[in-house]
Amino acid sequence: MNEQTAIVTGSSRGIGKAIALQLARDGFNVVINYRQNREQADHVLEEMQAAGGQGIVVGADVSNSEDAQHLIDTAVQTYGRVDVLVNNAGINKDQLMLRISDEEWHQLIHTNLDSAFYCSRAVLRHMMKKRYGRIITISSVVGINGNAGQAHYAAAKSGLLGFTFSLAQEYGNRGITANVVAPGFIQSDMTAALSPEQSAKILKSIAADRLGTPEDVAATVAFLASPQAGYINGQVIRIDGGMSSI
Amino acid sequence: MSVFEDVRKIIIEIKDLPEESITLESRFEEDLEADSLDVVEMLMSLEELYDIQIPEEATEGMKTVREVVEYISALLGQDA
């Protein structure tokens, strides 16, 4: 068994999957979490194990308080400790603000924001006792700059910043850090759905002249998850290929 | 073990203080140099130990070890 353990919410695919695989390569026991697709999560575990990594798969809808508690409890029971929590689980549903229904608004806020609260609260009890922890929350450049068609998503992703800054201040003297990673346009199911015109327009705004990869995000998360990153607290790191400088 | 002994043991775990420095009269902030997070940590440990829930309103008046011990003893129906 490895010395340290990491939980990555929503890690059956996309950015979460890349983070889970990277942390396993870095020597963490990794708790892979999925909400719906057990099969995909099992594949991530197989891929992890094939590369010599260790982990388990836990099904939990982390936007539900009891499920989030169950996820953290299972990790603690299995490995005896949790050193890293990556709040990655989230959903998106583009819609002009005028067309967002009450239900859609609440669903986006609930799934993207409540889940980070439930998981962080559950894991902090444990981290506080150990006087060590790394909480890394995946927001988005949209949470910093806003984006047409994503008012609800941006509101939730923005909320994660204030949430994280507060955790950084409350638990900083307990050896626990809380930071945000804000990806720009990353190759994923979400960006694959864009039209060629939309893609071309987006690429114009990216200095790197390419979309990011899930691995680009995972590398930064892995650094923040390491013991060496202990003096970085309450920060937002944009991983956007230089969008911000254009 | 009495409630006081349990409370004292938990405070020692959190603050790394000598046993004799913790009395019923000890004030968390002034005498034990415990911040609000230390107090919350102590209360959570006590909730776990006794399988109880201490409501937020009840914690506001808890400034000394005695106040915590008396509150929990009353909740458990024991003498402090």
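**Figure 1. Chain B, end to end, is α-α-α-α from the N terminus on.** This is a predicted model, where local features need pLDDT of at least 70, side-chain atom pairs count only at pLDDT 80 or more, and totals for chains, interfaces and linings use all residues. Residues are numbered from 1 along each chain as its sequence is written, while chains are lettered from A and ligands numbered from 1 in the order in which they are written. Chain B has four helices and zero strands (helices, H or I, of at least four residues and strands, E, of at least two are DSSP runs, numbered from the N terminus). Its C-alpha trace spans about 30 × 25 × 20 Å along the principal axes. A compact globule of 80 residues would have a radius of gyration near 12 Å, and the 11 Å of chain B agrees with that (taken over C-alpha atoms; the globule rule is 2.2 Å times the number of residues to the power 0.38). Buried residues make up 20% of the 80 (buried: 20 or more other C-beta atoms within 10 Å of the residue's own; exposed: 12 or fewer; partly exposed: in between; C-beta atoms are placed from the backbone). Of the chain B contacts between residues at least 6 apart in sequence, 53% join residues at least 24 apart (contact: C-beta atoms, placed from the backbone, within 7 Å).

**Figure 2. B:Glu33 sits in the loop between helix H1 (3-15) and helix H2 (36-50) of chain B.** B:Glu33 is not a glycine, yet has a positive phi of about 50°. It counts as exposed, with 11 C-beta neighbours inside 10 Å.

**Figure 3. Seven strands of chain A make an open sheet with parallel pairing.** The order is E3-E2-E1-E4-E5-E6-E7 (two strands pair if DSSP finds at least two bridges between them). E3 and strand E7 (236-239) are at the edges with a single partner strand each, so one side of each has no neighbour in the sheet. From one strand to the next, the twist averages 20° (axes are lines fitted to C-alpha atoms, for helices over the stretch in contact, and angles run from 0 to 180 degrees between N-to-C directions). Strand E4 (residues 84-87) and strand E5 (residues 133-138) of chain A run parallel, joined by four bridges; look for A:Val84 opposite A:Arg134. H2(A) packs on the sheet, touching E2 and E3 of chain A, and its direction makes about 165° with that of E2(A). Meanwhile, H4(A) lies across E4, E5 and strand E6 (176-183) of chain A, at about 175° to E4(A).

**Figure 4. Strand E2 (residues 28-34) of chain A is largely enclosed by the rest of the structure, because seven of its seven residues are buried.** Both faces are covered: A:Phe28, A:Val30, A:Ile32 and A:Tyr34 are buried on one side, and A:Asn29, A:Val31 and A:Asn33 on the other. Five bridges tie E2(A) to strand E1 (residues 4-8) in the parallel sense, with A:Ala6 opposite A:Val30. Between E1(A) and E2(A) the chain passes through helix H1 (residues 14-25) of chain A in a right-handed β-α-β crossover (right-handed: with the strands pointing away from the viewer, the path from the first strand over the helix to the second runs clockwise). E2(A) also pairs in parallel with strand E3 (residues 54-59) over six bridges, where A:Asn29 has A:Gln54 as its bridge partner. The E2(A)-to-E3(A) crossover, through helix H2 (residues 38-50) of chain A, is right-handed.

**Figure 5. The largest nonpolar core has 69 residues.** Such a core is a set of buried Ala, Val, Leu, Ile, Met, Phe, Trp, Tyr and Cys residues joined through C-beta atoms within 7 Å. Those with the most contacts inside it include A:Ile19, A:Leu23, A:Val30 and A:Cys119. Helix H4 (residues 102-130) of chain A gives the most to this core, with ten residues. Beyond its neighbours within four places in sequence, A:Leu23 is in contact with A:Ala6, A:Val8, A:Phe28, A:Val30, A:Ala222 and A:Ala225. Apart from this core lies another, of 14 residues, including B:Val3, B:Ile11, B:Ala34 and B:Met42.

**Figure 6. A:Gln40 belongs to helix H2 of chain A.** A:Gln40 is partly exposed, with 15 other C-beta atoms within 10 Å. A:Ser11 is 29 residues from A:Gln40 in sequence, and 9.2 Å away in space, C-alpha to C-alpha.

Conventions: Two residues are in contact if their C-beta atoms, placed from the backbone, lie within 7 Å.
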